[in-house]
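Trainee: Please help me to read this structure step by step, beginning with a single residue and moving on to the fold as a whole.

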Amino acid sequence: MKQVRLYKADDHKPRKTNESKKPKAAKLRKSITPGTVLIVLAGRFKGRRVVFLKQLQSGLLLATGPYKINGVPLRRFNQSYVIATSTKVDITGVNAGSIDDSYFAKSKVKKTKAQDGLFFERSNELTEDDKKRIGEKKSKQVEFDKALLASIKKTEMLGKYLSTRFTIRDNERPHEMQF
């Protein structure tokens with residue numbers, strides 16, 4: 001005859017979950033300071049060199065190319081996907097205080113049901129709010145680029161350094177490199 005399995009007692013208390021804890025922003029690496037040139041390791045801008053501006057509330061890093069030099073706009077990067085270099089850029093003229101995580105939030109688009117005959121003619125046009133936000137982002141980018149370009153031009157060859165992509169070629173050992 002099979003033995004009857006025992007079940008948990010009714011007075012057993014379930015473990016507490018971590019739902020009450022809010023995620024904290026990641027601690028910033030010592031090698032990453034405002035003005036540090038970072039090498040992006042993944043994503044659309046893989047291999048590009050960017051200038052670190054500040055850490056956002058979410059723990060992500062705010063960095064820019066500048067856009068005029070290498071095509072990288074104001075972006076958020078996870079610090080696990082960047083390499084900090086020893087190169088520094090003076091960012092005293094850059095005011096990054098107004099940028100936060102809400103700056104990068106996408107606008108919510110209301111989906112409309114397709115009417116008869118309009119299945120392929122859905123409106124993909126931007127709303128007035130979206131056009132306004134895009135205009136504001138462009139003006140912010142120009143403002144950041146202007147301030148950064150002034151300090152980049154002071155250092156010889158820094159603009160060329162930022163515009164070149166980072167690559168590893170044959171016979172180059174990444175573990176022996178110093179950035």
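Mentor: Let us begin with Pro73, which is partly exposed, with a relative accessible area of 23%. The words have cut-offs: buried means under 20% relative accessible area, exposed means over 50%, and partly exposed lies in between, with a 1.4 Å probe and protein chains only. Keep in mind that this is a predicted model, in which local features need pLDDT of at least 70 and side-chain atom pairs count only at pLDDT 80 or more, while totals for chains, interfaces and linings use all residues. Residues are numbered from 1 along each chain as its sequence is written, and side-chain values use heavy atoms, with hydrogens and water left out.

Trainee: Where does Pro73 lie, and with which residues is Pro73 in contact?

Mentor: Pro73 lies in the loop between H1 and E4, where helices (H or I, at least four residues) and strands (E, at least two) are DSSP runs numbered from the N terminus. Contact means heavy atoms within 4.5 Å, and, once neighbours within four places in sequence are set aside, the partners of Pro73 are Phe45, Ala63, Thr64, Gly65, Tyr67 and Gln141. Between the C-alpha atoms of Pro73 and Asp145 there are 9.2 Å in space, although the two are 72 residues apart in sequence.

Trainee: Is Thr64 buried or exposed?

Mentor: Thr64, which has its place in strand E3 (residues 61-64), is buried, because its relative accessible area is 0%. Apart from neighbours within four places, Thr64 is in contact with Val50, Val51, Leu53, Val72, Pro73, Leu74, Gln141, Asp145 and Leu148.

Trainee: How should I read the chain as a whole, and what pattern does the chain follow along the sequence?

Mentor: One counts the elements and then follows their order. The chain has three helices and five strands, and along the sequence they follow the pattern β-β-β-α-β-β-α-α. Of the 179 residues in the chain, 28% are buried. Among contacts with a separation of 6 or more, 66% are between residues 24 or more positions apart.

Trainee: How do I read a core, and which residues touch the most other members in the largest nonpolar core?

Mentor: In soluble globular proteins, nonpolar side chains tend to be buried together. A nonpolar core is a set of buried Ala, Val, Leu, Ile, Met, Phe, Trp, Tyr and Cys residues joined through side-chain atoms within 4.5 Å. Here the largest such core has 18 residues, and those touching the most other members are Leu53, Leu62, Leu74, Val89, Ile99, Phe144 and Leu148. Strand E2 (49-55), H2 and helix H3 (158-163) each supply at least two residues of this core, and H2 gives the most, with three residues. A second, separate core has 12 residues, including Leu38, Phe52, Val72 and Phe77.

Trainee: How do I read a pocket, and how much space lies in the largest pocket?

Mentor: Rolling a probe the size of a water molecule over the atoms shows where empty space is left. On a 1 Å grid over the protein atoms alone, a cavity is a set of points where a 1.4 Å probe fits but cannot get out, whereas a pocket is an open set with protein on both sides within 12 Å along at least five of seven lines, and lining residues have an atom within 4 Å of a point. Grid points are joined across faces, edges and corners, and a volume is the space filled by probe spheres set on the points. The largest pocket holds about 650 Å³ of space, and of its 24 lining residues the closest to the centre are Pro73, Leu74, Tyr103, Lys137 and Lys138. Helix H1 (67-70), strand E4 (75-77) and helix H2 (128-154) each give at least two residues to the lining, with the largest share, 10 residues, coming from H2. By class, the lining has 11 nonpolar, two polar and 11 charged residues, where Ala, Val, Leu, Ile, Met, Phe, Trp, Tyr, Cys and Pro count as nonpolar, Asp, Glu, Lys and Arg as charged, and the others, Gly among them, as polar.

Trainee: Which residues does a cis peptide bond join, and which residue in the loop between H2 and H3 has a positive phi?

Mentor: Most residues other than glycine have a negative phi, and most peptide bonds are trans. In this model a cis peptide bond joins Gly65 and Pro66, with omega about -10°, and Pro66 is in the loop between E3 and H1. Met157, in the loop between H2 and H3, has a positive phi near 70°, and Met157 counts as exposed at 55% relative accessibility. Asn171, in the segment after H3, also is not a glycine and has a positive phi of about 65°; its relative accessible area is 77%, so Asn171 is exposed.
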